[in-house]
Amino acid sequence: MTISLNLSRVKDKKTLCVALDRELIQKPWGHNWDALNDCLRDLSTGGFTKKYDFPLKIEIVDWNEFCESDNESFTTFKEILKQQVTEHKNKGLELLVEFA
């Protein structure tokens, strides 16, 4: 299964959270980095996100403007995704993240 996250309107952490609310996260969350990490742990079980089948690919599209306008937040977002790839692998689940 593939999830496509369109970041074309994302310019900073605040607009990233809006995009995640629209495209991935289904319940109220804290809109901070720790809360995002917690939400992404739910990909295989449901909770803050719907329950996804694995292997799962998250394709990040139209991310360049976010990277250019708020590189610090973009880098943090990438690190959280990288951490989730490792955490899911440790649970025997394949999570792939691709910046297209």
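Tutor: An axis is a line fitted to C-alpha atoms, for a helix over the stretch in contact, and angles run from 0 to 180 degrees between N-to-C directions. Helices (H or I, at least four residues) and strands (E, at least two) are DSSP runs, numbered from the N terminus. The model is predicted, with local features needing pLDDT of at least 70 and side-chain atom pairs pLDDT 80 or more, while totals for chains, interfaces and linings use all residues. Residues are numbered from 1 along each chain as its sequence is written, and side-chain values use heavy atoms, leaving out hydrogens and water.

Let us begin with the sheet. Three strands, in the order E1-E2-E3, make up an open sheet with parallel pairing, where two strands pair if DSSP finds at least two bridges between them. At the edges are E1 (2–6) and E3 (95–99), each of which pairs on one side only, and the average twist from one strand to the next is 15°. Strand E2, residues 56–61, is joined to E3 by five bridges, and five bridges also join E1 to E2.

In E1, Ile3 and Leu5 belong to the covered face, whereas Thr2, Ser4 and Asn6 belong to the uncovered one.

At the end of E2, consider Val61, which lies in that strand. Val61 counts as buried because its relative accessibility is 18%, buried being under 20% relative accessible area (1.4 Å probe, protein chains only). Leaving out residues up to four places away in sequence, Val61 touches Ser4, Leu5, Asn6, Leu7, Ser8 and Ala100, where contact means heavy atoms within 4.5 Å. By the same rule for sequence neighbours, Leu7 is in contact with Leu16, Ala19, Ile60, Val61, Asp62, Trp63, Phe66 and Phe77.

Leu7 and Leu24 have the most contacts inside the largest nonpolar core, which has 28 residues; such a core is a set of buried Ala, Val, Leu, Ile, Met, Phe, Trp, Tyr and Cys residues joined through side-chain atoms within 4.5 Å. Among the elements that give two or more residues to this core are E1, E2, H2 and H4.

Now turn to the helices. Helix H4, residues 71–90, lies across E2 and E3 and runs at about 155° to E3. The axes of H4 and H2 (residues 33–41) come within 10 Å of each other and cross at roughly 30°. Where they meet, the H2 residues are Trp33, Leu36, Asn37, Leu40 and Arg41, and those in H4 include Phe77, Ile80, Gln84 and Glu87. Finally, the C-alpha atoms of Asn37 and Val61, 24 residues apart along the chain, are separated by 20 Å.

Terms used. Buried < 20%, exposed > 50% of the residue type's maximum accessible area, 1.4 Å probe, protein only.
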